[in-house]
Amino acid sequence: MSRIETDSLGEVQVPDDAYWGAQTQRSLVNFAIGEQRMPLPVLHALALIKKAAARVNDRNGDLPADIARLIEQAADEVLAGQHDDQFPLVVWQTGSGTQSNMNANEVIAGRANELAGNPRGGKSPVHPNDHVNRSQSSNDCFPTAMSIAAVQAVHERLLPSIATLSGGLAELAARHMNLVKTGRTHMMDATPITFGQELSAFIAQLDYAERAIRSALPAVCELAQGGTAVGTGLNAPHGFGEAIASELAALSGLPFVTAPNKFAALSGHEPLVTLHGALKTLAVALMKIANDLRLLGSGPRTGLAEVKLPANEPGSSIMPGKVNPTQCEALSMLACQVLGNDVTIGMAASQGHLQLNVYKPVIIHNLLESIRLLADGCNNFQEHCIAGLEPDAEQMAAHLERGLMLVTALNPHIGYDKSAEIAKKAYAEGLTLREAALQLGYLTDAEFDQWVRPQDMLGA
């Protein structure tokens, strides 16, 4: 069953159970591209904008109070997730996000009209353009929704997940701060380190990435709303940008403000590029963590085997008993995806032709995907890897004892050249450092015990 809806191009058949109208239906036909739906956080952000705009327009006398209340009520239902199935449009649409903005306008108007006692859909008493989109344009609504969705996702999903993983690593590091093992540089044996010190690097890398993410947020919180079509604010009352930014801040609890230059806010997306650059920093850190633990867990008998990774599932369909570092693999793969997303966002943001960047949907699609992947990845890695990870102290001790770079401790006492001769002899003849040093006659057994002490080679 269907009904007739209209737009400026004429009549369109729309399913009876749809709240949307003609423009949404046209988009379903004209942009049947891929399966990537416009992210729901963007649609929810648009609903928040419509609610805030209704309040501001009501206060300004630009919207009848009863119409404003209907818009608010319908928008609240969208924000509660009651109508998520009413947003079927894909990412691959008009580069300004016009179809998704109209999808939000039509769904809110359609539901508001139903709340008013009329059939769902239509344009009376609530009109999707004249009322729901009052004082707005797709060109300022969509970038504002991008900012809102991004900031909400970072605060609600990403920052807590980073804290979860960092906290798990900190607990593991504290337990093993005195467990001495071989350090490695260039993939080769180096001077000693503790397992806790090794883990502390991961924590610091995560902290750096988190600070970068937080420092990028204030610029993202500067909203384009109020610029309307090209940044001049045509058809929006004076002060609308400031008023709606204040309303959005109050509704969301986040520090949104109006962008000081609406022309830049419509035509460029440097704040989102910077934010995703910080997300890339986090991806790089996670890749390092995943790969280091993958190496340390290699074996279990022919690799380093210094940590025991949790055995979450069988690792092979042909090799019985094999267990693989699957959590490390998943984390490193999602890091690759984030790095690829960063390239896409950089390219798309560079295409701000004249007064409007028309790559907005792909920018926010990739940005939100990165946030989701990183947040889920941090949580999953903590739960299924770090929480169950244990060091193999015996293997670490065995590697430490066989390590040649303990000879570095002899440099101040017998010099670099003699120390190097000891290391070379030990390696070539399969001797311990002690045996090689004594055979060369460069020091006594007691001196070796006094000078070569791994626990004294760990720094302050």
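Thr182 is buried because its relative accessibility is 4%, where buried means under 20% relative accessible area, exposed means over 50% and partly exposed lies in between (1.4 Å probe, protein chains only). The residue is found in strand β3, which covers residues 180-185. Helices (H or I, at least four residues) and strands (E, at least two) are DSSP runs, numbered from the N terminus. The model is predicted; local features need pLDDT of at least 70, side-chain atom pairs count only at pLDDT 80 or more, and totals for chains, interfaces and linings use all residues. Residues are numbered from 1 along each chain as its sequence is written, and side-chain values use heavy atoms, with hydrogens and water left out.

Leaving aside neighbours within four places in sequence, Thr182 is in contact (heavy atoms within 4.5 Å) with Asp189, Ala190, Thr191, Ile193, His399 and Leu400.

## Salt bridges

The whole structure contains 25 salt bridges, each defined as a side-chain nitrogen of Lys or Arg within 4 Å of a carboxyl oxygen of Asp or Glu. One of these joins the side chains of Lys51 and Asp76, at 2.7 Å from N to O. This pair links distant parts of the chain, with Lys51 in helix α2 (residues 40-60) and Asp76 in helix α3 (residues 65-79), 25 residues apart. Lys51 counts as buried because its relative accessibility is 11%, whereas Asp76, at 32%, counts as partly exposed.

Elsewhere, salt bridges that share partners join Arg55, Asp58, Arg59, Arg69, Glu72 and Glu247 into one network. Within helix α6 (residues 138-175), Arg175 and Glu171 lie 4 residues apart, about one turn of the helix, and their side chains meet in a salt bridge of 2.7 Å, N to O. Arg175 is partly exposed, with a relative accessible area of 41%, and Glu171 is partly exposed at 42%.

## Backbone features

Most residues other than glycine have a negative phi, and most peptide bonds are trans. A cis peptide bond joins Ser124 and Pro125, with omega about 0°; Pro125 is found in the loop between α4 (98-115) and α5 (128-132). The peptide bond from Gly299 to Pro300 is also cis, with omega near 5°, and Pro300 is found in the loop between α10 (270-296) and β7 (307-308).

Thr228, although not a glycine, has a positive phi of about 50°. Thr228 lies in the loop between β5 (222-223) and α8 (240-252) and is buried, with a relative accessible area of 2%. Leu354, likewise not a glycine, has a positive phi of about 55°. Leu354 is found in the loop between α11 (326-349) and α12 (360-384) and counts as exposed at 71% relative accessibility.

## Strand pairing and domains

Strands β1 (residues 2-7) and β2 (residues 10-15) run antiparallel and are joined by 6 bridges; two strands pair if DSSP finds at least two bridges between them. A hairpin joins β1 to β2 through 2 residues, and Asp7 stands opposite Gly10 in β2.

The protein is divided into domain 1 (2-134), domain 2 (140-394) and domain 3 (404-456), with bounds that come from an automatic or database domain assignment. The centres of domain 1 and domain 3, taken over C-alpha atoms, are separated by 77 Å. In the UniProt record, an unreviewed entry, the feature "domain: Fumarate lyase N-terminal" is placed at residues 10-340; UniProt positions are given in the numbering used here, feature names are shortened, and annotations may be inferred rather than shown by experiment. The span of residues 10-340 is 58% helix and 8% strand, and its end C-alpha atoms lie 41 Å apart.
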